[in-house]
Amino acid sequence: MFHHNVAFNPHPGKGELSVLFSGKAQTKPLHKVGPQVLDYYLVHYIVSGRGTFRCMGQDYQLKQGNSFFIFPGDLVSYASDSEQPWCYRWIGFKGNRADEYLHKLGITQHHPVNVTKQHRKMNALFHQLEHKLHDRQPHSDMQSEGYLRLILAEYAQDLHETSVPAKEVPAIQQQIELAIRWLTLQHNQPISIEQMAQSLGYHRTHLSKMFKQHTGMSPMNFLLKIRMERARLLLQESLTVDQVASSVGFADALYFSKQFKKWFGRSPSEYRQDQTTNPYDCSE
């Protein structure tokens, strides 16, 4: 069974560190997320089970007590084990010193995995942070930031850099990862596949064919997926449907609403009414 809970920060700050959301999920076997690019920091702490995290062309086999970090702009994917699917907690955050703090802990795009010996303590800290966000109080930001700093301090106590031998990434895979990154970062613009192919220096037909072979989706469907998932997040903000549509690259709000309903089975307004928690869901 797939179970997940998520809570968001109703008053995120704009300082050194600010928590955006937190959650927990028990995944199904082979449950996969990505490939995707985020515009915030994200850390997962593995409570139980196993899985694989892919970042910067390298695969990391992870288990209970491991954590993996995702940096803004990095193309990543992760999947649970077929026999022991992982259960993990996650925290999404931002901040003008977040990158600096992580680098001080030895956590970078090339060393995105950390191991802690204090499993029960770390699990409890993640739980308490999520609990504070569920309270939805005006001071939730300060409380959750405090727990995030405690969590980072725990990582500092048990700093462990995971070294994985570099693997040669096939040229075509590099092309597809570059295309995915381009689509993700340009999704809010009125772009076309022709523009992407021209920008990346590839023939449109060749790039589209290779893209579908590697992702199972056409570039346009992948772009629509990115836009719909981003729109789902923005509907938690105090934005009108027109503003959300414009923010994800749709000039026509009515067409956007039709596409959204086709994708999620509900109109943007219906989806917003049904949501009682933040959809920054890193497990779907």
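Buried means under 20% relative accessible area, exposed over 50%, and partly exposed in between, with a 1.4 Å probe and protein chains only. The model is predicted, so local features need pLDDT of at least 70 and side-chain atom pairs pLDDT 80 or more, while totals for chains, interfaces and linings use all residues. Residues are numbered from 1 along each chain as its sequence is written, and side-chain values use heavy atoms, leaving out hydrogens and water.

**Exercise 1.** Repeat both steps for H4, and find what its buried residues pack against.

Solution. 
- With 15 residues, H4 should span 21 Å, and the 21 Å between its end C-alpha atoms agrees.
- Gln175, Ile176, Ala179, Ile180, Trp182, Leu183 and Thr184 are the buried residues of H4.
- Their packing partners are strand E3 (32-37), strand E8 (75-80), helix H5 (193-200), helix H6 (204-215) and H7. Contact means heavy atoms within 4.5 Å.

**Exercise 2.** Describe how H4 and H7 pack.

Solution. 
- Axes are lines fitted to C-alpha atoms, for helices over the stretch in contact, and angles run from 0 to 180 degrees between N-to-C directions.
- H4 (residues 171-185) and H7 (residues 219-234) pack at about 45°, with axes 9 Å apart.
- H4 is therefore oblique to H7. Angles under 35 degrees count as roughly parallel, over 145 as roughly antiparallel, 65 to 115 as roughly perpendicular, and the rest as oblique.
- From H4, Ile180, Leu183 and Thr184 meet Pro219, Phe222, Leu223 and Ile226 of H7.
- By class, this contact of H4 with H7 has 6 nonpolar, 1 polar and no charged residues. Ala, Val, Leu, Ile, Met, Phe, Trp, Tyr, Cys and Pro count as nonpolar, Asp, Glu, Lys and Arg as charged, and the others, Gly among them, as polar.

**Exercise 3.** Is Gln259 buried or exposed, and which residues does Gln259 touch?

Solution. 
- Gln259 lies in helix H9 (residues 253-264).
- Its relative accessibility is 15%, so Gln259 counts as buried.
- Leaving aside residues up to four places away in sequence, Gln259 touches Leu224, Met228 and Phe250.

Key. Helix = DSSP H or I, 4+ residues; strand = E, 2+ residues; numbered from the N terminus. Expected span 1.5 Å × (residues − 1).
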